[in-house]
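User: Got a model open here and I'd like to talk it through. Can you walk me around?

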Amino acid sequence: QVQLVESGGGLVQAGGSLRLSCAASGRTFSSYAMGWFRQAPGKEREFVAAISWSGGSTYYADSVKGRFTISRDNAKNTGYLQMNSLKPEDTAVYYCNASPIVGSTAGSWGQGTQVTVSS
């Protein structure tokens, strides 16, 4: 089991940027694919981005493609989500996930970090 802790959320104006971090501990982080998901009030949790265990493959939801970048540093047991050109509709709690399968909702979850984008 991998333990995950997200950080880096906050309040930002539309057009601004934030970088989320996901710090992992426990079992070998580099053995797992990592994903970012988000959940806005009254909505279901949705996929945002995912990255393979090696970092060689990345995947994005259409709504964030070209604005968000997922990356990881296995030496630091940390994953990242760089979010640029933020929009009010990006407001949500963002969660990271570590799973054997890219984009899967199985595996371990962090507690989430709030991102609020003001217009």
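User: Let's start with Val-5. Which residue stands opposite it in β3?

Analyst: Val-5 faces Ala-23 in β3. Strands here are DSSP runs of E, at least two residues long, numbered from the N terminus (helices would be H or I, at least four). This is a predicted model, where local features need pLDDT of at least 70, side-chain atom pairs count only at pLDDT 80 or more, and totals for chains, interfaces and linings use all residues. Residues are numbered from 1 along each chain as its sequence is written, and side-chain values use heavy atoms, with hydrogens and water left out.

User: Ok. How many bridges link β1 and β3?

Analyst: Six, and β1 and β3 pair in the antiparallel sense. Two strands pair if DSSP finds at least two bridges between them.

User: And the side chains along β1, which ones are buried?

Analyst: Val-2, Leu-4 and Glu-6, which point to one face. Buried is under 20% relative accessible area, exposed is over 50%, and partly exposed sits in between (1.4 Å probe, protein chains only).

User: What's the strand order in the sheet that β1 belongs to?

Analyst: The order is β1-β3-β8-β7, four strands forming an open sheet with antiparallel pairing. At the edges are β1 (2–7) and β7 (68–73), each pairing on one side only. From one strand to the next, the twist averages 15 degrees; the axes are lines fitted to C-alpha atoms (for helices, over the stretch in contact), with angles from 0 to 180 degrees between N-to-C directions.

User: What holds strands of a sheet together, in general?

Analyst: Backbone hydrogen bonds, with the pairing either parallel or antiparallel.

User: Back to β3, how does it pair with β8?

Analyst: Antiparallel over six bridges, with β3 covering residues 18–26 and β8 covering residues 78–83. One of the spots to look at is Leu-18, whose bridge partner in β8 is Met-83.

User: Switching topic. How many disulfides are there?

Analyst: One. Cys-22 and Cys-96 form it, with their sulfur atoms 2.0 Å apart; the cut-off for a disulfide is a pair of cysteine sulfur atoms within 2.5 Å. Cys-22 is in strand β3 and Cys-96 in strand β9, so the bond ties together parts 74 residues apart in sequence.

User: Is that disulfide right-handed or left-handed?

Analyst: Right-handed, because the torsion about the S-S bond of Cys-22 and Cys-96 is about 60 degrees.

User: Are the two cysteines buried or exposed?

Analyst: Cys-22 counts as buried at 0% relative accessibility, and Cys-96 is buried at 0% too.

User: What about Ser-104, where is it found?

Analyst: In the loop between β9 (92–99) and β10 (108–109). Ser-104 counts as buried because its relative accessibility is 18%. Leaving out residues up to four places away in sequence, Ser-104 touches Phe-37, Asn-97 and Ser-99, where contact means heavy atoms within 4.5 Å.

User: Zooming out, how many helices and strands does the protein have?

Analyst: Zero helices and eleven strands. The radius of gyration is 13 Å, close to the 14 Å from the globule rule for 119 residues, so the protein is as compact as a globular protein of that length. That radius is taken over C-alpha atoms, and the rule is 2.2 Å times the number of residues to the power 0.38.

User: And what share of the residues is buried?

Analyst: 43% of the 119 residues.
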